[in-house]
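Look at the model below before reading on.

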Amino acid sequence: MTFKEKLNDKIGKIVTKFTSVSQDENGNVEVEKTITKGMPELARQAAAEGAVLLKNDNVLPLKKGTTVSLFGRTYKDYFFVGYGSGGDVIRPYNIDIAQGIENCDKLNLNYTLHNIYMEWREKHPVSHGYWAHWPLRYEEMPLTDEIVASARAESDTAVVTIGRSSGEDRDCDLANGSYFLHDEEIEMLDLVTSYFEKVVVLLNVGNIIDMSWVKHYGDKIGAVIYVWQGGMESGNAVADLLCGNVNPSGRLTDTIARNYYDYPSSAQFGNKKTNEYTEDIFVGYRYFESFAKEKVLYPFGFGLSYTDFDIKCDKAEAIDNGFDFEFTVTNTGDLAGKETVELYLNKPCGKLGNPKRELVGFAKTELIEPNGSQKLTMSVDMYQLTSYDDCGSTNNASSYVTQKGEYDFYVGKNVREAEKVFTYYQENTEVWEQLKQVCAPKSDFLVWRAEEKHGNYFLSTKMVAKEKYDLATRILNNLPADIEQTGDKGIKLQDVKDGKATLEEFVAQLDNVELEAITRGDYKMDSPLGAKGNAGAYGGILESLRNKGVKPIITTDGPSGIRLASCCSLLPIGTLLACTFNTELVEKMYTILAGEMKEKGSDVLLAPGMNIHRNPLCGRNFEYFSEDPYLSGKMGSACVKGIQSLGGSACPKHFACNNQELARTTNDSQVSERALREIYLKPFEICIKEARPKNIMTSYNKINGVWSHYNYDTCVTVLRNEWGYEGNVMTDWWMHPSKSIEFPKMRDQAYRVRSGVNLLMPGGDRVTNGKPDGTLFATLGKPFGITIGEVQQSAKWILKSVMEIE
Ligand code: BGC
């Protein structure tokens with residue numbers, strides 16, 4: 001070890017102790033290993049179903065009896081999940097690719113080569129780094145002609161694994177070994193492709209990486225699969241795909257561009273202070289399909305199968321508040337498989353400048369045998385035809401409007417290969433819903449807009465619509481009334497649940513000490529009130545609260561399993577799950593996890609991660625689903641329904657615009673109100689309306705100058721007043737201290753509570769060493785100061801979630 005490595009190692013150990021992060025990719029932590037019934041099968045199915053086959057020149061599936069030569073050390077040192085809170089699960093086991101091949105009775109492993117790798121690995125062990133210093137890849141074993149030639153003598157099929165990771169607090173690098181291939185990997189591919197005729201490349205990644213090398217190698221590489229990070233069953237799932245036990249059916253949830261700089265956000269991503277979301281609503285395929293089709297290598301929704309499907313539209317009709325579709329999917333090939341059908345909408349470009357395509361529906365078939373077929377139905381709500389007018393271009397500022405013109409629906413296998421199946425004509429521009437301006441930018445910057453001339457789309461810019469209202473007045477006009485404090489009347493929380501008392505009557509009993517405590521957690525991660533290794537507790541954190549029947553609620557991370565100091569299942573990452581396009585499967589898997597939560601002592605799973613893949617380098621993309629808000633919303637709903645199916649709680653996060661890990665607690669996402677609503681808030685909107693999570697977590701970053709955990713407009717005006725959210729709003733772990741912009745005498749806890757962020761998690765201990773920080777009631781009774789009613793209001797939402805968590 002060099003001096004620097006030694007120092008890093010030392011720092012790592014200290015940081016690890018401090019953060020209680022026990023990330024251990026090999027699952028070697030000493031706990032009793034338990035396996036949750038039914039989970040291995042579903043996790044394996046999901047891991048295989050979310051893999052995306054990008055290229056296949058008749059190499060796959062491999063013939064029965066094929067001996068496989070595995071190259072690339074990550075086939076063994078596999079990245080089963082990304083780093084940080086989202087992946088830190090002590091799992092019962094990990095199946096790597098070698099084990100997967102060994103478990104598969106149709107394939108053999110080239111042991112001579114495998115042994116060479118095993119020997120080299122012993123001398124070159126991997127390190128998982130430490131918090132925010134996770135590895136992005138591992139050093140590769142250098143190959144020689146001799147090694148590769150002798151491997152070729154034993155087998156004609158090479159499977160090369162390229163491994164990448166990233167994680168919380170660490171973005172990927174726009175560099176070799178992260179976004180680009182590393183020189184060591186290029187050397188490996190050069191050598192392997194010069195000896196082997198059949199080469200399959202597996203991408204064991206959490207993020208999209210540069211794919212220009214596929215063209216460079218041409219027919220020297222026979223097949224390429226994004227196998228992502230598939231959790232504990234990764235290797236079995238990969239073997240299932242290679243041998244054809246499972247026919248690939250995953251689809252890309254992000255566009256793969258030719259060049260990193262083709263992604264519209266690339267100009268701003270990585271800025272430390274502010275990120276202007278100049279591209280506006282033109283995130284991912286919304287940009288590429290409207291303006292730059294030629295910049296795409298693999299379009300959104302793309303993914304191959306070992307068989308072929310025909311999609312026929314049987315019915316497309318307008319109904320009362322939307323549209324109904326019926327399709328027949330027929331397997332026209334030789335192997336059984338599943339197909340995903342994607343429905344896109346081309347709204348009129350109009351004055352608001354809509355993109356050319358938006359995903360408005362999708363459905364997945366069951367396994368269809370050759371010549372077999374299945375009917376699928378989809379519905380589109382009229383609301384999905386609307387666009388948000390944030391600047392008054394249609395003379396309807398702050399409204400969702402259905403613009404006049406032609407609405408064309410396209411159906412197909414991906415955003416590119418989709419046929420027009422229906423057209424609806426809207427006679428006049430109509431207001432769907434008049435809302436209030438919220439969280440708009442405060443400074444000038446240009447954003448993109450689309451203009452259409454004779455069917456062609458042109459990119460132009462406009463000045464972003466700025467904030468025009470007084471937030472202080474809005475807040476003061478909406479202050480809740482105080483509930484007269486009565487002292488203890490003997491009402492227990494169960495009485496409220498049983499309908500014998502009202503929540504107001506219960507809350508009236510709480511004194512200010514109790515009110516302060518209920519609006520924060522038990523200070524520490526790993527609270528003694530719950531299972532070892534938890535993320536924190538809230539609710540009954542004082543004896544007096546427990547005496548009133550308020551139980552402590554135990555939170556744990558998510559999303560890829562339960563992060564505790566005991567053994568829990570490790571699930572595939574969010575991106576992979578979304579690539580299945582199979583909401584039923586995802587819900588089922590999280591339903592089984594709900595049982596595991598009960599068993600292990602988790603009341604709230606801090607999941608799903610629902611931020612948008614704005615840029616391929618974001619370190620937490622692996623936890624999130626897609627560049628598309630509709631798909632993200634639907635996947636989030638599936639997770640929430642599963643997690644809450646046995647009475648526990650989900651906690652979708654991070655609300656909102658946490659699209660970069662660098663400087664994540666201070667970065668300011670400057671975004672138009674339209675993009676905020678249509679792209680970044682939309683997944684949460686869909687999930688909240690459909691699945692009713694009992695908790696939601698704000699993000700660390702600012703949105704248009706206001707920290708998300710002090711953001712009245714996102715947390716009250718939109719979340720509660722527009723969407724009807726009735727759960728609890730919690731911060732991400734700790735929060736940035738700040739005085740209120742509108743009421744400068746007020747700060748921190750008072751500012752947060754006034755902003756409708758009910759609960760500080762895990763509590764304010766970092767600064768106050770186990771005592772309240774004194775900021776909540778500091779302005780009580782003073783002009784514009786915090787009111788008892790506001791704190792009671794927060795307490796009500798928190799207690800409601802406590803009551804509803806079973
Ligand atoms: C992460 C959250 C996580 C929380 C608790 C934060 O650093 O951003 O996603 O749930 O820690 O571990």
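A residue is called near a molecule or strand if one of its heavy atoms lies within 4 Å of it. With that rule, 14 residues surround the ligand, and the closest are Glu168, Asp557, Arg620, His654 and Asp732. This is a predicted model, in which local features need pLDDT of at least 70 and side-chain atom pairs count only at pLDDT 80 or more, while totals for chains, interfaces and linings use all residues. Residues are numbered from 1 along each chain as its sequence is written, and side-chain values use heavy atoms, with hydrogens and water left out.

Asp557 has a polar side-chain atom 2.4 Å from an oxygen atom of the ligand. In the side chain of Lys653, an N or O atom is 3.0 Å from an oxygen atom of the ligand, and for Tyr700 the corresponding distance is 3.1 Å. Taken alone, the ligand exposes 320 Å², and the protein buries 95% of that. Such accessible areas come from the Shrake-Rupley method with a 1.4 Å probe; for residues, only the protein chains shown count as cover.

The side chains of Asn658 and His654 make a polar contact of 3.5 Å. Asn658 sits in the loop between strand 25 (649-650) and strand 26 (668-670). Helices (H or I, at least four residues) and strands (E, at least two) are DSSP runs, numbered from the N terminus. Is Asn658 buried or exposed? Its relative accessible area is 1%, so Asn658 is buried; buried means under 20% relative accessible area, exposed means over 50%, and partly exposed lies in between (1.4 Å probe, protein chains only). The side chain of Asn658 also reaches the backbone oxygen of Gln660 at 3.4 Å. Contact means heavy atoms within 4.5 Å. Leaving aside neighbours within four places in sequence, Asn658 is in contact with Asn611, Arg620, Tyr624, Arg664, Ser699 and Asn701.

Next come the charged side chains. A salt bridge is a side-chain nitrogen of Lys or Arg within 4 Å of a carboxyl oxygen of Asp or Glu. By this rule the count comes to 53 salt bridges. Glu168, Asp169, Arg620, Glu623, Glu661 and Arg664 are linked in a network of them.

Glu49 is a partner in two salt bridges, one with Lys338 at 2.9 Å between the closest N and O atoms and one with Lys364 at 3.0 Å. Lys364 belongs to strand 13 (residues 358-364) and Glu49 to helix 2, 315 residues apart. Why do both Lys338 and Glu49 count as buried? Lys338 counts as buried because its relative accessibility is 14%, and Glu49 because its value is 4%. Lys364 is buried as well.

Another salt bridge joins the side chains of Arg474 and Asp713, at 3.0 Å from N to O. Arg474 lies in helix 10 (residues 471-477) and Asp713 in helix 20 (residues 712-722), so this pair ties together parts that are 239 residues apart in sequence. Both residues are buried.

Glu790 is in helix 23 (residues 788-804). With a relative accessible area of 4%, Glu790 is buried. Its side chain reaches the backbone nitrogen of Thr787 at 2.9 Å. Apart from neighbours within four places in sequence, the residues in contact with Glu790 are Leu479, Pro480, Val753, Arg754 and Gly785.

The last stop is a span named in a record. An unreviewed UniProt entry lists residues 339-415 as "domain: Fibronectin type III-like"; UniProt positions are given in the numbering used here, feature names are shortened, and annotations may be inferred rather than shown by experiment. In the model, residues 339-415 are 0% helix and 49% strand, and the end C-alpha atoms lie 15 Å apart. Ser379 is in strand 14 (residues 373-381), and a polar contact of 3.3 Å joins its side chain to that of Asp324.

Definitions and conventions. A polar contact is a pair of N or O atoms within 3.5 Å; within protein, one must be able to donate a hydrogen and the other to accept it, and residues adjacent in sequence count only if both atoms are side-chain atoms.
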